[in-house]
Amino acid sequence: MVHWTGENSSVILILTKYYHTDMGKVLESSLWRSSDFGTLYTKLNLQPGIATVIDNFYICPTNKKKIILVSSSHNDRDQSLFISTDEGATFQKQPITFFVETLLFHPKEEDKVLAYTKEGKVYVSIDLGKKWILLQERVSKDHIFWAVAGVDGDPDLVHMEIQDPSGGYRYITCQIQNCSDKTMTVQFAGSTDRDSLTVQDDYIFLQTTSANRTKYYVSYRRNGFVQMKLPKYALPKDLQIISTDENQVFVAVQEWYQTDTYNLYQSDPQGVYYSILLENVRSTKQPEENVLIDILEVRGVKGVFLANQKIDGKVTTLITYNKGRDWDFLNPPDIDMNGRPTNCKPPDCYLHLHLRWADNPYVSGTVHTKDTAPGLIMGAGNLGSQLVEYKEEMYITSDCGKTWRQVFEEEHHILYLDHGGVIVAIKDTSIPLKILKFSIDEGQTWSTHNFTSTSVFVDGLLSEPGDETLVMTVFGHISYRSDWELVKVDFRPSFPRECTDDDYESWELTNLQGDRCIMGQQRSFRKRKISSWCIKGRSFTSAVTSKVCECVNSDFLCDYGFERSAPLKSESSKCFADFWFNPEAPPEDCMLGQAYTSSTGYRKVVSNVCEGGIDLQQNLAQHMCPLIAPKGLQISIREESLAVKPGEDITFIVRQEQGDVLNTKYQVDLGDGFKAIYVNLTMTGEPIRHRYENPGIYRVWVKAENVAGHDEAVVFIQVNSPLQALNLEVVPVVGRNQEVNLTAIILPKNQNLTVFYWWIGNNLQPLLTLDNFLVTEFAETGNVRVTVQASCGSSMLQDSKVVHVFDHFHVLPLKFTKHLDMYNPDIPEWREDIGRVVTQLLAKETNIPEETLMTVVKPGVPTTADLHVLLPANQPKRKRSVTSDKRIATIKQALNAHNISFFLRGGYWVLVTLADSDSDSQRIGGGSGYWAIVVLFVICLVAVGAFILYKFKRKLPGRNVYAQMHNEKEQEMTSPVNHSEDTQNIIQGEEFIDDDLDSQTLVTPSGRSGNLNSYRVPLLLMPVSVQSQAITQAWF
């Protein structure tokens, strides 16, 4: 960092820092000081014998002799301040207990400083950093402002944007002597958007976003906030403050249809009503969401702006002399720097300039202007039909943009000295240099100067603040690993004397059409004659003279709600009302008994001083405000959340966009029995504070009514206790394509106030329900994770379970002795523990692998459970039924023998048995019972048909012998079916086929197994029996 401490000072301070990229911090630093305009530098040793790392330094704007350095220890555990009151000649160390991110001096009182910390805290000191007091916490960075002199009545007032405990942001003010929660003042009712507070000159800006709509508010000279009135359908996505000087506001608005452009608007003096000036100004997105807009205010001459307009991808440069009322292209020069014709003729060719700011603060941007050099503009650009990014030829004008000259073919860094009497230029390049160029005749001729014997990489240029001397410093480095090189360049010996009045001549400001009356006056400036070789000196002033002009059309622009038909055409273009605007309608804040003026469509440009002549506002009609019915009534909550806890304070804000407020009554019903009638409720902005004690949904209703009409607003408030517990109840084992009920148990139970989000498997899109259950099915076998989230108000809980999906498994219902019900708390953890114990006991007793058993205890009492017997994954499919039957028999034997029991508190042993000793096991599979009924019906139909055919064939001649032979063979092939206990209670399952079994167990509609009896039928029926077996396999 290089800094000239102040005007009329020869002291320069230079802070060098070694920044370690990998570690992300400064490891070393050095502070250098010169007291002779940079001829000699002395390294300052702040703490002899102790390495000191200086992070930054700050210079008081009202007294440049006062300097504060911020220093950190090597381990970053603490920070200190070094304070100087003699331009850095001596420093006093001051330890601090916080870590400074930035310091902010008071704009008028030199010993008052604000410190912003990395934790978002703000401290204040009134003795130049010796003592600090905590002012406020949770403050937004870069949104802290001292009081503005002449506007804020108290110079000790601080404007801040803070975050409240609920997470919203508010605009507050407080005095530095006392800024507690009780003494601070909330200046805006309701929350604001983060990083939206801006305090600038007479204005304060902030914004709020609701329902995807952003509203912008302004306060003029600390009056109440008013919504900024942009065109009704601008629907801004972003708004940037460009300028607030001369009692008006320039804003750039990105409207709903724009992506890389903004529209430029100008306000009335109060900053409320805005009119369009220029559309489609180019913008560029920067890191950290910063936006650069291609518009530049020309310093030194008020009312002059440059802007780059982008239409259909084509960028062109425009200039205005009357604050955006009229725009024109830049006239190209006739010849280039070598005297050759440019062949650039309007309207096909103009001059276009890059309007970029430099990332390096020690070099000029692409366009350079100064307050001390009015009319002098130097910039990089090109000639042509549009701006070309890679072309950066240098052009200069000394008459504020009327005529231009080319001076260089490449971009240069520019520095003005002696009020623009000397222009210094150094090429913008990545190679080392040792030559600079300078001009003393406004760029008409250039000389070269060797500022060093060894070429250096130039990092920046520096001159005394105000550019009023002829001394400058060039700083850079010889190589990327070398120390800094600082070179002092002093032009004072080149000028033999001070300028006198005879050395100056005047020039008049004119626009591109040659009009001298600009902004209602003729202005002339002094400049040094080309032939004079003298120093302007510190006492030089441009000595502007002005003469008031008569008003003409160009002194008026379109009023709010009106637009010109051709913004870039002649003055005769008229203003027309937009379709949504009624000029005769009273304003929204019009009150009964007051008068208002209807707009003619024109208003005088702010700061325009013309007198007499044309007055486009002379036919203004006066009207009395009628009684207007309320319209746009809104009720909102200061805390923003519509869900609150019982007993929590809630603040209602009632607003009205249009209509009379003095003669309007407001009926308020808060839904819990509280009813009231208010007068002037929206005008005073007084909030309604309330508290709901009981959970529920409350309908809050407001009605605004006067003689002209009424309007209503409704909001529903959810009052509920935060969720405390959530448990997902689900059967852990289910069959494929079977319906399963997923149930979420929440505490406390908030009926109709909880939303449930269900995620099945890896699906990122949840299912939403208002009920606490979801019926679903799983199409694929395997393990599926089911997750549920319950949201109630501001609280949200989650639970997750894994469901095992199989094609086939057995289920045995279990019961317990009644003592278990006495100690059943009916909670998930208890049921899981009981199920785990039963599974372990069964596995130990039967030697069946524990991973193939799962006991699920059902909610409620009496306590019951289901034992799921899973099929081993590595067993061949055709052998599964025999093994399963054997396992089922073994399990039943253990249960019927009363071998499964466990000890319970109170000295009881709990016995586990089958729920119904006479019932058989259930077998669950992936098939559907519906298809089992269909297949059974088909088989029965085929059997009946076969029987009839058999009877019929017995009567045919020659068939008896064949039938008898077949019957004898059939007796050897069939045997009666054994109705064993293991196969009677099979439901909804695929038939397990075994080669050793003769009978076939089929599913019945009741869910119990049925037997297909073996009849003595002819051999012709054998394929029918085989086909029925295949059908059974296909359907289940």
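Colleague: How many residues separate Cys590 and Cys625, and which loops hold them?
Modeller: Cys590 sits in the loop between strand S49 (575-577) and strand S50 (595-598), and Cys625 in the loop between strand S53 (621-624) and strand S54 (631-637). Strands here are DSSP runs (E, at least two residues), and helices are runs of H or I with at least four residues, all numbered from the N terminus. The pair links distant parts of the chain, and the separation is 35 residues.

Colleague: How far apart are the sulfur atoms of Cys590 and Cys625?
Modeller: The two cysteines form a disulfide, a term that stands for a pair of cysteine sulfur atoms within 2.5 Å. For Cys590 and Cys625 the sulfur atoms are placed at 1.5 Å.

Colleague: Why does Cys590 count as buried, and what is its relative accessible area?
Modeller: A residue is buried under 20% relative accessible area, exposed over 50%, and partly exposed in between (1.4 Å probe, protein chains only). Cys625 is buried at 5%. Cys590 is buried too, because its relative accessible area is 2%.

Colleague: Which handedness does the disulfide of Cys499 and Cys534 have?
Modeller: Its sulfur atoms lie 1.9 Å from each other. The torsion about the S-S bond of Cys499 and Cys534 is about 95°, so this disulfide is right-handed.

Colleague: How many residues apart in sequence are the parts that Cys499 and Cys534 tie together?
Modeller: Cys499 is in the loop between strand S41 (484-490) and strand S42 (504-508). Cys534 belongs to the loop between strand S44 (521-528) and strand S45 (545-548), so the tied parts are separated in sequence by 35 residues.

Colleague: And where is Cys551, the partner of Cys610?
Modeller: Cys551 and Cys610 form a disulfide with sulfur atoms 2.0 Å apart, and its torsion of about 95° means it is right-handed. Cys610 is in the loop between strand S51 (602-604) and strand S52 (611-613), so the pair ties together parts 59 residues apart in sequence. Cys551 itself lies in strand S46 (residues 550-551).

Colleague: Are Cys551 and Cys610 buried or exposed?
Modeller: Their disulfide is one of 7 in the count. Both Cys551 and Cys610 are buried.

Colleague: Which side chain makes a polar contact with the side chain of His413?
Modeller: His413 lies in strand S35 (residues 412-417) and is buried, with a relative accessible area of 11%. A polar contact is a pair of N or O atoms within 3.5 Å; within protein, one must be able to donate a hydrogen and the other to accept it, and residues adjacent in sequence count only if both atoms are side-chain atoms. At 3.4 Å, the partner of His413 is Asp428.

Colleague: Which element has the lowest mean pLDDT?
Modeller: pLDDT is the predictor's confidence in each residue, from 0 to 100, and the protein chain averages 82, with 83% of the residues scoring at least 70. Strand S30 (residues 350-353) has the highest element mean, 97. Where pLDDT is low, the predicted coordinates should not be read in detail. The lowest mean, 30, belongs to helix H7 (residues 1022-1035).

Colleague: Finally, what share of the protein chain's residues counts as buried?
Modeller: The secondary structure of the chain comes to 7 helices and 77 strands. Of its 1036 residues, the buried share is 49%.

Definitions and conventions:
Residues numbered from 1 in each chain as written. Predicted model: local features only at pLDDT ≥ 70, side-chain atom pairs only at ≥ 80, totals over all residues. Heavy atoms only, no water.
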